[in-house]
Amino acid sequence: MDVQNVYQKPVTLKNILKFALPTIAMTMFMSFYTMVDGLFVSSLIGTQALSAINLTAPVIQLVTAISTMLATGGSAVIMKKMGERKAEEAKEDFTFLILINVLAGLLMCGLGYLVMNPIFTGMNLSAAVSGYCVDYLSRYLLFTVPILLMNNFTLYMIASGKSTLSLICSVAGGILNIVLDYLFIACFHMGISGAATATGLGYSVTAVAGLFLFSQKKNLLHFKKPVFRLKVLANAAANGCSEMASALVTGIITMVFNWTMLHYVGEDGVAAVTIIMYVLMAASSLYTGYSCPSLPLPPTRYITWLSQATESVQLPCCSSASTFLPAECLRHYQMESSRQFWHFPDHLYLCSLP
């Protein structure tokens with residue numbers, strides 16, 4: 001699909017769904033192979049190993065939260081600049097934010113190894129489950145940087161009109177994960193560390209594909225000599241903080257469930273909660289798959305709105321009587337047009353539609 005056609009088409013339900021369908025399929029497939037991953041572990045190793053995977057989930061959610069913040073916030077900021085026709089500056093910021101992800105991944109990997117043993121020691125786990133937790137997380141942390149890059153490249157592929165490629169990478173990574181799970185656990189007897197390695201290698205498919213894709217200058221976004229702009233990092237963090245909070249809340253809820261099950265039921269209760277979490281993840285993947293590709297659409301239409309600021313502004317229609325738009329875009333309208341806007345704190349203004 002041509003990049004310009006994607007962003008120049010009217011923002012209608014049909015066009016949004018057409019743009020989002022590959023990502024919806026991708027997220028649903030990712031939830032599916034995550035469940036298959038748990039099935040291999042519980043069948044070939046045991047319920048204690050499945051419990052260990054869920055006990056490490058809050059730490060993994062922290063990694064996911066940071067990468068989600070930088071990915072969602074960064075893609076919105078960069079595609080807004082693309083909409084303002086600041087393409088070169090957007091490419092510099094894109095490269096800068098990717099480097100920030102690499103540094104953040106290295107830092108979290110190091111911190112993870114420092115706090116891993118004290119955390120699991122303080123949870124009063126059995127020696128077997130504690131060992132499974134350390135084995136799984138110690139191997140998983142080695143892939144922190146590829147996992148951060150995977151989360152970022154997934155959104156940047158979508159934002160640059162490569163949602164089908166993102167789907168292909170996710171499917172390929174999922175198939176690789178499933179195959180390696182069987183090989184590492186059943187054939188090579190690597191245990192739970194083999195499951196973590198298979199998961200990390202599966203996630204690395206998108207990271208490697210993204211590095212190759214964004215190294216080509218013919219793409220809408222590609223790597224360029226980065227320029228350090230603290231404001232860009234601050235804007236990306238501010239834009240993505242709500243998504244980070246959502247990921248952190250998921251980790252906190254999982255941690256509370258785990259503690260409750262350990263106290264009242266034991267380690268088998270944690271395994272039961274893991275299965276419930278898999279079901280919830282599959283249900284939420286539909287919403288996630290729709291929301292992620294829709295995120296870059298309003299920022300890239302920014303230049304159209306701004307160019308019409310002194311004229312009769314026609315905002316994209318939706319089914320409700322009002323719509324939420326990025327605050328910075330609406331501030332320009334407030335200054336440059338006579339329309340009335342109702343102020344809301346922080347990130348959003350509410351604008352009435354004709």
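View 1. K80 is a buried residue, at 13% relative accessible area; here buried means under 20%, exposed means over 50%, and partly exposed is whatever falls in between, using a 1.4 Å probe and protein chains only. E84 is buried too, at 17%. The two form a salt bridge whose closest N and O atoms sit 3.2 Å apart. The term covers a side-chain nitrogen of Lys or Arg within 4 Å of a carboxyl oxygen of Asp or Glu. As a rule, side chains of opposite charge can pair when their charged atoms come close. Keep in mind that this is a predicted model, where local features need pLDDT of at least 70, side-chain atom pairs count only at pLDDT 80 or more, and totals for chains, interfaces and linings use all residues. Residues are numbered from 1 along each chain as its sequence is written, and side-chain values use heavy atoms, with hydrogens and water left out.

View 2. Which residues does R229 meet in salt bridges? One is E92, with 2.9 Å from N to O. That pair links distant parts of the chain, 137 residues apart: E92 is in helix α5 (residues 87-121), while R229 is in the loop between α9 (191-213) and α10 (230-264). The other is D93, at 2.6 Å from N to O. D93 also belongs to helix α5, so its pairing with R229 in the α9 to α10 loop ties together parts that are 136 residues apart in sequence. Helices here are DSSP runs of H or I with at least four residues, strands are runs of E with at least two, and both are numbered from the N terminus.

View 3. How buried or exposed are some of its members? D93 is buried, with a relative accessible area of 0%, and E92 is buried at 15%. R229 counts as partly exposed because its value is 22%. A search of the whole structure gives seven salt bridges.

**View 4. F184 in helix α8.** F184 lies in helix α8 and is buried, at 12% relative accessibility. What does F184 touch, leaving aside residues up to four places away in sequence? The list is H189, M190, G191, G194, T197, A198 and L201, where a contact means heavy atoms within 4.5 Å.

**View 5. A nonpolar patch on the surface.** L44, I175, V179, Y182, L183, F188 and M190 make up this patch, with about 610 Å² of accessible area together. Patch residues have over 30% relative accessible area and no salt bridge; like charges are joined within 9 Å, and nonpolar side chains (Val, Leu, Ile, Met, Phe, Trp, Tyr) within 5 Å. Accessible areas come from the Shrake-Rupley method with a 1.4 Å probe, and for residues only the protein chains shown count as cover. Helix α8 (residues 163-187) supplies the largest share of the patch, four residues. V179 is in helix α8 and counts as partly exposed, at 41% relative accessibility.

View 6. C109 is buried, at 17% relative accessibility, whereas C241 is partly exposed, at 28%. The disulfide count is zero, taking a disulfide as a pair of cysteine sulfur atoms within 2.5 Å.
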